[in-house]
Amino acid sequence: MSEMSSAKGTTTLFSPYKMGKLNLSHRVVLAPMTRCRALNEIPNQALVDYYVQRSTAGGFLITEGTLVSPKAAGFPHCPGIYNKEQVEAWKKVVDAVHAKGAVIFCQLWHVGRASHQVYQPGGEPPISSTSKPISKRWRILMPDGSHGIYPNPRPLATYEIPQLVEQYRQAASNAIEAGFDGIEIHGAHGYLIDQFLKNGINDRTDEYGGSLANRCKFITQVVQGVVAAIGADRVGVRISPAIDHLDATDSDPLSLGLAVIDRLNKLQLDLGSRLTYLHVTQPRYTAYGQTESGRHGSEHEEAQFMRTLRKAYQGTFVCSGGFTRELGMEAVAQGDADLVSYGRLFISNPDLVLRFKVNAPLNRYIRSTFYTQDPVVGYTDYPFLKGNGNHELLSRL
């Protein structure tokens, strides 16, 4: 395992880590989170401020889901990475983060059926692996702040799927042009790639449906296309085989996770180069922030599920989903994860790394401001720790 330990020999969240060519000073990662502040899909000064606030020297940030095409959106005002104006705007964010000494990856995102005609060019139906809509158990956030019902998607024709692979490949190239250190392929949480992976959604009868091998074909082709464009050592992959967000269910999540990992391992072996990391969401994660023990099995079963995937994957393993400081420390100390990503806690604590380091109290997040368009409120106005005693620590983070 590529890691350095503390003086007592125990790996902590604050132990340095070498992730491929990247040298990280700690293991607390900013998780990708939708924030809806990029007006008209263009990153702006608010995004610069937000990411800089959460940057530390040697820290690792992953951007919010970033659209690979005009048809990829399912929330209002999410940033894109599919045209020149977006690339130029992202450069300002990346340059500012790099000036703080941090590493930043761009998460490439297509929501698939988790969209609505209001977000689609020409008011067309969203695309997916299937014609089945997301159930009425879930609601989509509309541009006016109301919540609507997910419509019936249009299943992609077989010949169209390579076009989607090309969109990911081009978006990855655009991200590197913008200066990002790498990209993360979002293959999780019920969005487009997950809609191909999960047999609770994918009802196709062509080469992309049915068997586990067929359902893994799309994500494999996306990874191959992106790797060919920018290199394996700039590519991370996120999956969530046990998460049922947006009706993304599978009859055998462990076999699904292992099948994806097997393909990633084989690709790395063929290339003679490892991907940057694999990012997996814990089974305990829910869309609304609770950690429901027993929802997908006992805590022991959930831990075993993650350890099985961790043991199978040949490379850096990142965990996310409901982690506290204590759970994160435990995960890295026990070798269950190399890095731990934090979402909601990082929203409300821009200096989360410092707060974890000194074990300080945390600001509470305000859910009602997660997806508003205000450039400050609920975005960059959460307070930092105060006190002169923190300056020396802060300078080292």
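This is a predicted model: local features need pLDDT of at least 70, side-chain atom pairs count only at pLDDT 80 or more; totals for chains, interfaces and linings use all residues.
Reader: Helices first. At what angle do α3 and α6 cross?
Author: Roughly 35 degrees, and their axes come within 8 Å. Helix α3 covers residues 161–177 and helix α6 covers residues 217–230. Axes here are lines fitted to C-alpha atoms, for helices over the stretch in contact, with angles from 0 to 180 degrees between N-to-C directions. Helices (H or I, at least four residues) and strands (E, at least two) are DSSP runs, numbered from the N terminus.

Reader: Left-handed or right-handed?
Author: The α3 and α6 crossing is right-handed. That term applies if the near helix is turned clockwise from the far one by less than a right angle, and left-handed if anticlockwise.

Reader: Which residues in α3 and α6 meet?
Author: From α3, Ile161, Leu164, Val165, Tyr168, Arg169, Ala172, Ser173 and Ile176. They meet Phe218, Gln221, Val222, Gly225, Val226, Ala229 and Ile230 in α6. Contact means heavy atoms within 4.5 Å.

Reader: How many of those in the contact of α3 with α6 are nonpolar, polar and charged?
Author: The α3 and α6 contact has 11 nonpolar, 3 polar and 1 charged. Ala, Val, Leu, Ile, Met, Phe, Trp, Tyr, Cys and Pro count as nonpolar, Asp, Glu, Lys and Arg as charged, and the others, Gly among them, as polar.

Reader: Rings next. How many aromatic pairs does the structure hold?
Author: There are 16 aromatic pairs. Rings of Phe, Tyr and Trp (its six-membered ring) pair if their centres lie within 6.5 Å; planes under 30 degrees apart count as stacked, over 60 as edge-to-face and the rest as tilted.

Reader: Why is the pair of Tyr168 and Phe218 edge-to-face?
Author: The planes of Tyr168 and Phe218 stand at 75 degrees, so the pair is edge-to-face, with ring centres 6.4 Å apart. This pair links distant parts of the chain, with Tyr168 in α3 and Phe218 in α6, 50 residues apart.

Reader: Are Tyr168 and Phe218 buried or exposed?
Author: Both Tyr168 and Phe218 are buried. Buried means under 20% relative accessible area, exposed over 50%, partly exposed in between (1.4 Å probe, protein chains only).

Reader: And what about Tyr365 and Phe370?
Author: That pair is tilted, because the planes of Tyr365 and Phe370 are at 45 degrees; the ring centres are 5.5 Å apart. Tyr365 is partly exposed, at 31% relative accessible area. Phe370 is buried, at 4%.

Reader: Which residues form one aromatic cluster?
Author: Phe75, Trp109, Tyr191, Tyr365, Phe370 and Tyr371.

Reader: What does Thr34 contact?
Author: Leaving aside neighbours within four places in sequence, Thr34 contacts Glu64, Phe75, Cys78, Trp109, Phe370 and Tyr371. Thr34 is in the loop between β3 and α1. At 16% relative accessibility, Thr34 is buried.

Reader: New topic. Where does the charged end of Lys217 sit?
Author: Over the ring of Tyr208, 5.2 Å from the ring centre. A charge sits over a ring if NZ of Lys or CZ of Arg is within 6 Å of the ring centre and within 35 degrees of the ring normal.

Reader: What does Thr158 touch?
Author: Not counting residues up to four places away in sequence, Thr158 touches Arg204, Asp206, Glu207 and Tyr208. Thr158 lies in the loop between β9 (154–155) and α3. At 29% relative accessibility, Thr158 is partly exposed. Thr158 and Glu207 are 49 residues apart in sequence, but 8.0 Å apart C-alpha to C-alpha.

Reader: Backbone now. What is phi of Glu41?
Author: Phi of Glu41 is near 70 degrees, positive in a residue other than glycine. Most residues other than glycine have a negative phi. Glu41 lies in the loop between β3 (28–30) and α1 (45–53). Glu41 is buried, at 18% relative accessibility.

Reader: And phi of Asn359?
Author: Positive, about 55 degrees, although Asn359 is not a glycine. Asn359 sits in the loop between α11 (352–358) and α12 (391–395). Asn359 is partly exposed, at 49%.

Definitions and conventions: Residues are numbered from 1 along each chain as its sequence is written. Side-chain values use heavy atoms; hydrogens and water are left out.
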